[in-house]
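Subject: Structure handover

Hello,

Please open it before reading on.

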Amino acid sequence: MANLLSLKFSASVRHTGRLVSPRAASLTQRRFKQDSSAQYLHKSIVPSMHYQKSLPRLPVPKLEDTIRRYLAAQKPLLDDDQFRTTENLAKDFQSTTGKTLHEELVAQDKSNKHTSYISAPWFDMYLSARESVVLNFNPFMSFNPDPRTEYNDQLVRATNVVCSAVRFMKTLRAGVLAPEVFHLNPSKSDTDGFKRLIRWVPSSLSWYGAYMVNAYPLDMSQYFRLFNSTRVPKQGRDELFTDAKGRHLLVMRKGNMYSFDVVDPDGNMVRPAEIQSHLNYILADESPAAAHPLGVLTSENRDVWAGLRDKLVAAGNGETLQEVDSALFCLCLDDEDMRDHIHTSHNMLHGDGCNRWYDKSFSVVLARDGQTAINFEHSWGDGVAVLRFQNEVFKDTTEQPLVHPGSAPTGADSAAAVRRLHFHLDGALRAGIDTAKENFDAAVSKLTIDALEFKKGGKEQLKKQKLSPDAVAQLAFQMGFLRQYGHTVATYESCSTAAFKHGRTETIRPATVHTKRCAEAFVQRPGEHSVDQLVEMLKECSKYHGQLTREAAMGQGFDRHLFAMRYLANTKGQALHDLYKDPAYAAINHNVLSTSTLTSPAVSLGGFAPVVPDGFGVGYGVHDDWIGCNVSSYPSRDVHEFLRCVDKSLEDIFTVLEGKPIN
């Protein structure tokens, strides 16, 4: 199950698998020092932000469309009486309060053309949340192992990941990272000829040039928060801090914290052999585990952590905290091997709380056996930038590693270069750390994770049947839940709106009248329908899910619009309309099934915790010939039984697609 959410490793990547001699490694280091191109991943002829100025703006949907979509999503969740109540409230909202709020939102949007209507409210929602970022917000995505086993050595892989990360940062800041573009016809748009042409089109028009060849540039406004950034706890609402001048890396091991420069005063990356030497020095440090590991405070309730941080500053730790906050990113070197994919998921999602700084924009977690993942703080971005970073780092470390199993760390004076971070802790701070650790242990002890690999079919077979692979996976979750619990619940699927300036996400609502009808037919009354009738239901589900997905990607969902109007009413101090007080509104936003899909050549596993205590957190990927799920739950739900039910649902779907009746 090591490749639970991965695509097959790209056949275009070739490796010799040779060990490299110390002499060859030394030559590589000398060439690196002389070759300025080694400082960058690549040098795109189209500037990184070439399309940013001309990106289309996220549309504010029409109010009547939002209400219609909202009621359609409520239909499968309510009985007739409940639906009539909700329908009356929604229609009243549309003609009274909602009409006014919508008009104000549109006017506000027109006067803020530099951004999107959802951007500020969405930042505010994340930063005002007082719950711990652990489990509630931070997800993880683990890297596939390097295909050459010897390159998964902890020191070798850590050094290569750090070097590639610095190269990514320098490429981005130099404006030569290739823009993020979604190509519908890459043979026309992803070519050197088109790039040479489009770079001369002014930024104010460049998006239209790409659009003409069916290419869709994506928003890159979040990228600047990738590096040197931290979420800083404050009473009531946190702040995002970025200091692009920071040249150092934060490293954690056994709860102890270290720092060393990975960029020199001239802005060049420190030689890879020196970085390797510094990391080797930290891995060889025999200091005991920190008695009071400060990192666990970042797992606390945000107001509690804010109060303790104020105490830390008052105790004379301000400069040291500044060094943590301004570090490029955090590298967490763990001292244990990963037993299996479940252990990996737990370790990369939360770990033991001591060897993490969860507030950093992202942390690279590297286990002793070389298994590697990114755990990232979610307020600053939605994963588009993180996934691009992860893809580039994986490609660079596997195709062009800068250190090798035969590379010897240089004689760099690591004892002088590596700074061990020390904090002055009084009794109150030590007690705060102890309490935070107790709270952390209590929270993560309730989390269960399990996984499924369905090997009897995947994307290829579904596409031959003209069915959406994502629709079928989502239908399997609906069937699985119905089989286990006997009813349909609010379901959330995340969809990026990065095709728009400052877009964030929109919600796809996979539980529909079509999936409910289909799930009930498959699960509760299979004998009452012919195979042809069941196939027809699958097609209806697929068609409608495809429509919902297209609408969400184009900013035409209902969730963000209703959220923005409620946010506007709250900021104006207005009483909320009864639509927002309706139990049905609370229920549809209590997402028992929270789902997110991800497939990438770099990623082997991804996951997150449920968003409600009685929910499931469903990470999944539909691959060419198999389907993988990595699912989490708390004690009120049985994740093992849920996956058994999902497996049975997939089995039934593929049986029917083969023209056979369900057993």
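Predicted model: local features only at pLDDT ≥ 70, side-chain atom pairs only at ≥ 80, totals over all residues.

Start with the open sheet. Eight strands make it up, in the order β11-β7-β6-β8-β9-β10-β1-β16. The pairing is mixed. From one strand to the next, the twist averages 25°.

Now take the β11 end of that order. Strand β7 covers residues 256–261 and is mostly covered, with five of its six residues buried. On one side, β7 pairs with β11 (residues 419–421). That pairing is antiparallel and has three bridges. M257 faces L421 of β11 there, the two standing opposite each other.

β7 also pairs with β6 (residues 248–253). These two strands run antiparallel and are joined by six bridges. Within this pairing, L249 stands opposite F260 of β7. β6 and β7 form a hairpin with two residues between the strands. K254 in this hairpin has a positive phi, near 55°.

β6 has a parallel partner as well. Four bridges join β6 to β8 (residues 330–333), and the two run parallel. Here L250 stands opposite C330 of β8.

A reminder for reading the side chains: in a regular strand they alternate between the two faces of the sheet.

**A helix crossing**

Next, look at α19 (residues 531–553) and α23 (residues 639–657). Their axes come within 9 Å and cross at roughly 115°. The crossing is left-handed. From α19, the residues in contact are V531, L534, V535 and L538. They meet I653, V656 and L657 of α23. By class, this contact has seven nonpolar residues, no polar ones and no charged ones.

**Aromatic pairs**

How many aromatic pairs does a search of the whole structure find? The count is 24. Two numbers describe such a pair: the distance of the centres and the angle of the planes.

Take Y126 and F137. This pair is edge-to-face, at 5.7 Å centre to centre and 70° between the planes. Y126 belongs to helix α5 (residues 119–128). F137 is in the loop between α5 and β1 (140–143), and the two residues are 11 apart. Both Y126 and F137 are buried.

Compare F481 and Y485. Their ring centres are 4.7 Å apart and their planes are at 40°, so this pair counts as tilted. Both residues lie in helix α17 (residues 469–485). They are four residues apart, and therefore separated by about one helical turn. Is each of them buried or partly exposed? F481 is buried, because its relative accessible area is 1% and the cut-off is under 20%. Y485 has a relative accessible area of 25%, so this residue is partly exposed.

There is also a cluster linked by ring pairs. Its members are Y70, F93, F558, Y580 and Y585.

**Positive phi in loops**

Two further residues other than glycine take positive phi values. K466 has phi near 60°. K466 lies in the loop between α16 (459–464) and α17. Its relative accessibility is 76%, so K466 counts as exposed. H502 has phi near 55°. The place of H502 is the loop between β13 (491–496) and β14 (505–508).

**F241**

Last, F241. This residue is in strand β5 (residues 239–242). With a relative accessible area of 24%, F241 is partly exposed. Which residues does F241 contact, leaving aside its neighbours within four places in sequence? They are R225, N228, S229, T230, V232, Q322, D325 and S326. As for V393, F241 is 152 residues away from that residue in sequence and 24 Å away in space, C-alpha to C-alpha.

Best wishes

How values were computed
Residues numbered from 1 in each chain as written. Heavy atoms only, no water. Buried < 20%, exposed > 50% of the residue type's maximum accessible area, 1.4 Å probe, protein only. Pairing = 2+ DSSP bridges. Axes fitted to C-alpha atoms, helices over the stretch in contact; angles between N-to-C directions. Left-handed = near helix turned anticlockwise from the far one by under 90°. Contact = heavy atoms within 4.5 Å. Nonpolar A, V, L, I, M, F, W, Y, C, P; charged D, E, K, R; others polar. Phe/Tyr/Trp six-rings, centres within 6.5 Å; stacked < 30°, edge-to-face > 60°.
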